Amino acid sequence: MRLLTHNMLSCNVKGVTNGFPLIIQADKVLEKPAELNHDFLRNMFYKVDWKALVDAAKSMGYSELPESAEASMLESLDFLNRFHHALMELHLEEGALICPETGRKFPVDKGIPNMLLHEDEV
Amino acid sequence: MVVQPQRDWLSFYQEEDDHSAMVHLSSNSITTDADNDVGLGRSRLVLKKGIAEFYDESSGIWENIWGDHMHHGFYDDGSSVSLSDHRLAQIRMIEEALSFASVPSEEEKNTSTAKIPRRIVDVGCGIGGSSRYLARKYGAECQGITLSPVQAERANALALSQGLSDKVSFQVADALEQPFSDGQFDLVWSMESGEHVPNKMKFVNELVRVAAPGSTIIIVTWCHRELAEAEDTLQPWEKELLDKICQAYFLPSWCSAADYVKLLQSFSVEDIRTADWTRYVAPFWPAVLQSAFTWKGLTSLLRSGFKTIKGALVMPLMIEGYKKSVIKFTVITCRKPK
């Protein structure tokens, strides 16, 4: 699971108002190279919750993202590379995503998050 | 079937529970018991488990014979088709649905008010055939959700082998509780998955919730025929036919295209359109049936499990359902306002 996906996922357990962002328990992280796509990154920049991305990247062992970012930084290749690396090349293979409000753990197995809720959480 | 006094029609679709219930086929929603929405006398958990296991068991066999698209093909009216044409027809189904919903391409972006898909969700993604196709077509990023862990894993593996793993990813999740924050996607895609969802209102609610302003929602699904003015419900023989199909394919309940339109109208979406494409899918089930009787088909089925075999045995009922106009292959689309 890449951080691009993580940036979209939230905990929808009944009654939870603050289910985003999910805290990452990174048991196994893999780095998989991916081709950098400028247009894609520019599009995604406006949609991504930056703080959530920075925190998530740190929990995956990558601390090279600036704490805050603005659109003008997209002109810097160095920034694009870091953004690309964090968003697209870090993969959570094994671990869990944890609801910030309830502590509920969603397991991640072979890179696939299981977001199914239990009967009493619906 | 329990009949209750007039009640607000919306509540029919909102309620769902774990009661054991008779098979419920939604018809005139006002007079039917909302508690039966789950159907089949099973709790929702049992239904979800059944669906997951059905696809865990059968996806590999399907893929082996039919490839990675697990939906009907779109055929010219009255055409005769050879087995090799079906994959093209399945791709055509995707294109026809996009065209019906007027989803703009890069060339059309200045003439359309709708968004070009950059972020897509595939609700009930199977092994990711649609996801990968749409990602490739639009250069977009696509998230797929399925109840089946086997499907999610296979979908990811196929994405990797096709060089699309940076564009598409798959999660195990429930269409009734999509694990996404509001307004994430430009295109919300549900290709033949709505049949499995017990609570149609919640299903539609989730589709609308995760759609971004200006986005398009496309639902392609199996519905039952529209009821006549005087009808409260389908005929007993029709219900019996659909029950058997429900049992084999883990479908909780059926509704009509008009029911979906009514649900969508309760949300602030615009440009709601629907069409009956039954005549364009006519060759599909006969072809699936034929493929089951090939050597490959029979040996695969014999090696598969009970759920898959039961699914195969029910195929003639799908053909009957279409022929007798009980089942309608339906496309529904709408736009979320900007």
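## Contacts of one tryptophan

Contact means heavy atoms within 4.5 Å. This is a predicted model: local features need pLDDT of at least 70, side-chain atom pairs count only at pLDDT 80 or more, and totals for chains, interfaces and linings use all residues. Residues are numbered from 1 along each chain as its sequence is written, chains are lettered from A in the order in which they are written, and side-chain values use heavy atoms, without hydrogens and water.

B:Trp277 touches B:Phe74, B:Met93, B:Glu96, B:Ala97, B:Phe100, B:Phe329 and B:Val331. Residues up to four places away in sequence are not counted.

## Nonpolar cores

A nonpolar core joins buried Ala, Val, Leu, Ile, Met, Phe, Trp, Tyr and Cys residues through side-chain atoms within 4.5 Å. Buried means under 20% relative accessible area (1.4 Å probe, protein chains only).

The largest core has 72 residues. B:Trp222, B:Ile245, B:Tyr249, B:Trp277 and B:Trp285 touch the most other members.

## Aromatic pairs

Rings of Phe, Tyr and Trp (its six-membered ring) pair if their centres lie within 6.5 Å; planes under 30 degrees apart are stacked, over 60 edge-to-face, the rest tilted. The count is 22 pairs over all chains.

A:Trp50 and A:Phe83 form a tilted pair, 5.4 Å centre to centre, with 55° between the planes. Both are buried. B:Phe54 and B:Tyr55 pair edge-to-face, at 5.0 Å and 80°. B:Phe54 is buried, at 7% relative accessible area. B:Tyr55 also counts as buried, at 19%.

Methods:
Buried means under 20% relative accessible area, exposed over 50%, partly exposed in between (1.4 Å probe, protein chains only).
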